[in-house]
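Hi everyone, thanks for making time. Let's have a look at the structure together, and then I'll walk you through a few of its features.

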Amino acid sequence: MNQKELKELIEFLKEKGIAEFELERGDVKMKVKWTADSPALALPDSRYVAVPPAPLPVPGAAAPVSAATKEEPAREPETPSENLHSVRSPIVGTFYESPSPGSPPFAKAGDHVEVGQVLCIVEAMKLMNEIECDVAGEVVRKLASNGQPIEYGQELFLIRPAK
Amino acid sequence: MVGFERFPESWGLEAESFFIMFNKILVANRGEIALRVICACKELGIRSVAIYSEADRNSLAVRFADEAICIGPPQLAQSYLNIPAVISAAEIANVDAIHPGYGLLSENANFAEVCGACGIKFIGPLPEVIRLMGEKEKARAAMKQHGVPILSGSDGVIASAEEAREWARQVGLPVIIKASAGGGGRGMRIVRDENELAGLYRQAQSEASAAFGNGDLYMEKYVERPRHIEFQVLADEHGNVVSLGERECSIQRRHQKLIEESPSAEVTPEMRKEIGDILSRTLSTVGYHGAGTVEFLMDQERRLYFIEMNTRIQVEHPVTEMVTDVDLVKSQIMIAAGTKLPDVLHGPILHRGHAIECRINAEHPEKFTPSPGKITAFHPPGGTGVRIDTAAYAEGTIPPYYDSLIAKLIVRGKDRGEALSRMSRALEMFMVEGIHTTIPLHRRILADPEFLAGKMDTGFIERFFARNAAAAESLAG
């Protein structure tokens, strides 16, 4: 097998998405292995999954992260003893902070929210499920980022309940 | 998932040397079978994704899977049986395939269809085949068509005692009269004597009318003292089907198997081959893929009658694995990835030795009340020819929401005698504290003369309990 054929073979394998390939013929021996693009991390204690986000085109993905950090300093810092309310996901899916790509997020840190107000979307099997807030109060922190995979019961928002 | 392709001929490569495998599999189950599938994935170099309910957060499947996703609260309907949650987890984890295990969604044709629609390979038969085998009458008809012996049943309702008598004459006594509209023993009569038939027919009819508002009756051939014999099959996606022999599963309590073994003393090599050939032909034509179990009743004359087919891996699959040295779960995965049976099996099926399995439940050994809770000590037996399939561990908790199976103890010996003594020894050395288990019950069965003689049928357990009750009374009295 010459260089050209070897290159063609590798291209062929890549195109077909073969993860691993081994060949032994005569005095030729080759082994090709592709590692996963972004290996999934399993945090040992919390058993949370942090897999690569679903491959959906979200052009504004980068922006909300920086926007969140910009908003933080203006707010009252949460004290450790504070009893903040967690809004948790009732379903497995993918977190989206706004109704559609590019539009402003449903809620961000500092916003005042009411019971029943939509905070985010968790998409499951192509269905966009609106997640409603279950207390009235102030959004202290958004705990998930746009496009992040979410498991059942995962914390999405921390809310300081109104007195 | 990659399709099977031929290389350009100029490369001089054999297409057969091409071997494809999944990158990632989601295990849509829990407990010991989830762990079993994860074991197979690890050995095949496939990443595994465990899904779990909040009650299974500390389970071994979650611990040993490469990734884990919580999909719901403890209740089955909201977690393991929640198809959108399972599929959503499969999508966010970007898996290639789902292994459904046994029970739960494993024989849910809709679930298999949803997997296909979402581009995820369901490790099992096609939805339409699952459906076919799930409908009892259709399955019987399909099997009958291909020469599989079935238990004769009437074609529809038997409208009169005269019709009943005629049908009984054709098929031969004994027969059982059953209510079309119900079950649970109501509207059922066994007829052993033709003179009693008319009377029993009328009794069944009035009982059925009273219980279900519908007096329609049908009839089936009745097998006295049947044995439950099932055959394990493997089928690839290229039309090749092989039988891996039988399991004897007559030791049952309320239709739940307690002990299984292989081979069955009543199945001769000729029978094994004959049934194997018929099943291979039939299931190849039906287009069956994957692992499956075909269940039969055997009568006192060693005749086999098809009852139903289970289109999944079964709880007692280790029994077959121990006597054939075939890893059935790995085989399922390889088959689903497109591998041909000769490359899965590497040679003919050989049966060696004798294997027995005891299903150990977290239940009181006499009252059978469930015993969930924390296990304070757990030391399974070891040694030659002993295998434990379990997700239980010391300091672990058995949740109350799911079935009570906590461990499968399987032994293999060179013959039944060695397997029996090995099982007795292994049961004796199995330590579980903190919860009740059925280990004491299994120990008593392993000491029972009828069981040791191997002459059992599905009525064994009732007789066993009666013997034990009588013995206890005579000791007390």
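Before I name anything, here is the cut-off we need: a residue counts as buried if 20 or more other C-beta atoms lie within 10 Å of its own, with C-beta atoms placed from the backbone. And please keep in mind that this is a predicted model.

So, is Glu260(B) buried or exposed? With 27 other C-beta atoms within 10 Å, Glu260(B) is buried. You'll find Glu260(B) in strand S11 of chain B, which covers residues 256-262. Beyond its neighbours within four places in sequence, its contacts are Arg247(B), Glu248(B), Cys249(B), Glu316(B), Val319(B) and Glu357(B). For a sense of scale, 37 Å separates the C-alpha atoms of Glu260(B) and Ala93(B), which sit 167 residues apart along the chain.

Now let's zoom out. Chain B contains 16 helices and 20 strands. Its radius of gyration is 24 Å, close to the 23 Å from the globule rule for 477 residues, so chain B is as compact as a globular protein of that length. Of those 477 residues, 47% are buried.

Last stop, a helix pair. In chain B, helix H7 (residues 161-171) packs against helix H8 (residues 197-212) at about 125°, and their axes are 9 Å apart. The two helices are therefore oblique to each other.

Terms used
Residues are numbered from 1 along each chain as its sequence is written. Chains are lettered from A and ligands numbered from 1 in the order in which they are written. This is a predicted model: local features need pLDDT of at least 70, side-chain atom pairs count only at pLDDT 80 or more; totals for chains, interfaces and linings use all residues. Helices (H or I, at least four residues) and strands (E, at least two) are DSSP runs, numbered from the N terminus. A residue is buried if 20 or more other C-beta atoms lie within 10 Å of its own, exposed if 12 or fewer, and partly exposed in between; C-beta atoms are placed from the backbone. Two residues are in contact if their C-beta atoms, placed from the backbone, lie within 7 Å. The radius of gyration is taken over C-alpha atoms; the globule rule is 2.2 Å times the number of residues to the power 0.38. Axes are lines fitted to C-alpha atoms, for helices over the stretch in contact, and angles run from 0 to 180 degrees between N-to-C directions. Angles under 35 degrees count as roughly parallel, over 145 as roughly antiparallel, 65 to 115 as roughly perpendicular and the rest as oblique.
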